[in-house]
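Trainee: I am new to this structure, and I would like to go through it step by step. Could you answer my questions as we look at it together?

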Amino acid sequence: MVEFKAVIADVKNGKTYNTLVSGQHANRLMGMKIGDEFDGLFVSLPGYKLKITGGSDKDGFPMRGDLPGQPRKKIVVSGGTGFHPRNKGERRRKFVRGNTISADITQINMKVTSYGPRAISEQLSQEESK
């Protein structure tokens, strides 16, 4: 069974929250891409809308939004996700993961785009106590 660590960024107050997503909710996230918006119900936040901003796989390789598909590929990059050049014009061949969520992904980064009726900290703390 698939299990993801969801890192939810609250853009209003600058805090991030971690939660575990498993079971049928994790299966619903499979196949989504970076930039997709979905209902917060899948990560125990009913009433919220979330947007996928990135993630990483089981070996720590980052997902890259401009690389289509699921597999890990070795591409030449000059900056952005997965590589930060030290010198102007520097390019390097790096391993990165595609922009689609698969079973190999362990962490999904997301941000809140529309807020629900209750605070995020309240809802996630109630979910942990169950």
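The questions below go from the sheet to single residues and then to aromatic rings.

Mentor: Please keep in mind throughout that this is a predicted model.

Trainee: Which strands are the edge strands of the open sheet?

Mentor: The open sheet has five strands with mixed pairing, and their order is β2-β1-β7-β4-β3. An edge strand pairs on one side only, and this holds for β2 and β3.

Trainee: What is the bridge partner of Glu37 in β4?

Mentor: Strand β3 covers residues 37–39, and β4 covers residues 49–57. These two strands run antiparallel and are joined by three bridges. In β4, Glu37 has as its bridge partner Lys51.

Trainee: Does Thr19 count as buried or exposed?

Mentor: Thr19 is found in strand β2, which spans residues 15–22. Leaving aside neighbours within four places in sequence, Thr19 has contacts that include Phe4, Ile8, Val43 and Leu124. The cut-off for a buried residue is under 20% relative accessible area. Because the relative accessibility of Thr19 is 15%, this residue counts as buried.

Trainee: How is the aromatic pair of Phe38 and Phe42 classed?

Mentor: A search of the whole structure finds three aromatic pairs. In the one formed by Phe38 and Phe42, the distance is 6.2 Å centre to centre and the angle between the planes is 25 degrees. Phe38 and Phe42 are both buried. Planes under 30 degrees apart count as stacked, so the pair of Phe38 and Phe42, at 25 degrees, is stacked.

Trainee: How many residues apart in sequence are the parts that the pair of Tyr48 and Tyr115 ties together?

Mentor: Tyr48 and Tyr115 form an edge-to-face aromatic pair, with 5.8 Å centre to centre and 65 degrees between the planes. Tyr48 lies in the loop between β3 and β4, whereas Tyr115 lies in the loop between β7 and α2, so the pair joins parts whose separation in sequence is 67 residues.

Trainee: Which residue has its charged end over the ring of Tyr115?

Mentor: Tyr48 is buried, with a relative accessible area of 2%, while Tyr115 is partly exposed, with 27%. Over the ring of Tyr115, 4.2 Å from its centre, sits the charged end of Lys12.

Conventions
Residues are numbered from 1 along each chain as its sequence is written. This is a predicted model: local features need pLDDT of at least 70, side-chain atom pairs count only at pLDDT 80 or more; totals for chains, interfaces and linings use all residues. Side-chain values use heavy atoms; hydrogens and water are left out. Helices (H or I, at least four residues) and strands (E, at least two) are DSSP runs, numbered from the N terminus. Buried means under 20% relative accessible area, exposed over 50%, partly exposed in between (1.4 Å probe, protein chains only). Contact means heavy atoms within 4.5 Å. Two strands pair if DSSP finds at least two bridges between them. Rings of Phe, Tyr and Trp (its six-membered ring) pair if their centres lie within 6.5 Å; planes under 30 degrees apart count as stacked, over 60 as edge-to-face and the rest as tilted. A charge sits over a ring if NZ of Lys or CZ of Arg is within 6 Å of the ring centre and within 35 degrees of the ring normal.
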